[in-house]
Amino acid sequence: MFFPQFRARRIRGNEVFRRMVSETTLSVSDLVYPMFSAFGTGIKKEISSMPGIYQQSIEHIVAEAKEVYALGIPAVLLFGIPEAKDAIGSDAYCDTGIIQETIRAIKREVPGLAVITDVCMCEYTDHGHCGIIKDGDVDNDATLELLAREALSHVRAGADMVAPSDMMDGRVAAIREELDENGFDTIPIMSYAVKYASGYYGPFREAAESTPQFGDRRSYQMDPANRLEALREAASDIEEGADIIMVKPGLPYLDILRDLRNEYNMPLAVYNVSGEYSMIKAAAAHGWIDEERVVLETMLGFKRAGADIIITYHAKDVAGWLKKG
Ligand code: PBG
Ligand code: ZN
């Protein structure tokens, strides 16, 4: 059927019809809000490149967690900034480490809010890499053991879900085994299955103080040029026991998100990363774009590409805008 029989505008002519034929919906239940917990007290320091996002000590994190919960956002994703860093990232798997204490505080004060933890070494190592170093590169197999210990200590402290972001081979299996052996076979793993070596993480590294002190992450994170490799990464994580798979960053990789949606019947998450947030915030601050409109359109783009879960620094704003309706 072609024009004049077909007229696409017939179903666009009024709001009721537009609503009836709308294909994609965005809900507050889709959102996860990332937070940065800093060692100490009385800390609330805004990340200069991420307006509205803070490094904060536990009492402030708890206060914000209450706000997040009241907005109807189901979960937070926690990152830790420890008191001290060392070569083997000791604070990451210490039962009284920064994240472990933060998890306990949130679960005590806001039990209904799901706590997901980022499982990685880079926030805890003095060299800033995502594992332990041998001969100038991250030692994959030696790192697995530490990641498993880290995940277990998060779950012992009360984490509801763990999210490994390190990109070591075999880490999902190592974590699954460790959790199962210790009686935590009901705790899901959301794996950063497809994580690219991206310039869009720049602002995050200021927030988490996790910039690599030498080299870069290209020996473990993916090459932005690769699409087929994403399918292999996802397949291996699913095989190893991932419950949710993630694509990261979001906007430059919507094709990958759609590929995974078409290929796998797994829950799919996307990480709308720091640099994506900073760009929108900067343009909005200049009055160059309508922030609400652009952010909601971006979120809808993730849903349309196939995401079930959106991890985003915009979560609180989005929740507010959705409420306003
Ligand atoms: C740690 C980690 C990073 C992000 C999430 N977990 C940074 C990195 O890999 O360098 C990035 C998140 C963001 O940019 O918002 N491995
Ligand atoms: Zn890392």
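What follows is a short chat about the metal site, the ligand site and some salt bridges of this structure.

Me: What kind of model is this, and how are things numbered?
Reply: This is a predicted model, in which local features need pLDDT of at least 70, side-chain atom pairs count only at pLDDT 80 or more, and totals for chains, interfaces and linings use all residues. Residues are numbered from 1 along each chain as its sequence is written, chains are lettered from A and ligands numbered from 1 in the order in which they are written, and side-chain values use heavy atoms, with hydrogens and water left out.

Me: Which cysteines coordinate the zinc ion (ligand 2)?
Reply: Cys120, Cys122 and Cys130 do, each through SG, at 2.2 to 2.3 Å. Donors are N, O and S atoms within 2.8 Å of the metal (3.2 Å for Na, K and Ca); water is not among the atoms, so sites may look incomplete.

Me: What spacing do the donors follow along the chain?
Reply: The spacing is C-x1-C-x7-C. Cys120 and Cys130 are ten residues apart, both in the loop between strand E5 (114–119) and strand E6 (133–134). Strands (E, at least two residues) and helices (H or I, at least four) are DSSP runs, numbered from the N terminus.

Me: Is Cys120 buried or exposed?
Reply: Cys120 is buried, because its relative accessibility is 0%. Buried means under 20% relative accessible area, exposed over 50%, and partly exposed in between (1.4 Å probe, protein chains only). Cys130 also has 0% and counts as buried.

Me: Switching to ligand 1: how many residues surround it?
Reply: There are 18, and the closest are Lys195, Arg205, Lys248, Ser274 and Tyr313. The cut-off is a heavy atom within 4 Å.

Me: Now salt bridges. How many are there?
Reply: The structure holds 18. A salt bridge is a side-chain nitrogen of Lys or Arg within 4 Å of a carboxyl oxygen of Asp or Glu.

Me: Which residue does Arg176 pair with?
Reply: Arg176 pairs with Asp243, at 3.8 Å from N to O. Arg176 is in helix H5 (residues 171–181) and Asp243 in the loop between helix H7 (228–240) and strand E10 (244–248), 67 residues apart. Arg176 is buried at 13%, whereas Asp243 is partly exposed at 32%.

Me: And which residues form a network?
Reply: Glu64, Glu67 and Lys316 are linked in a network of salt bridges.
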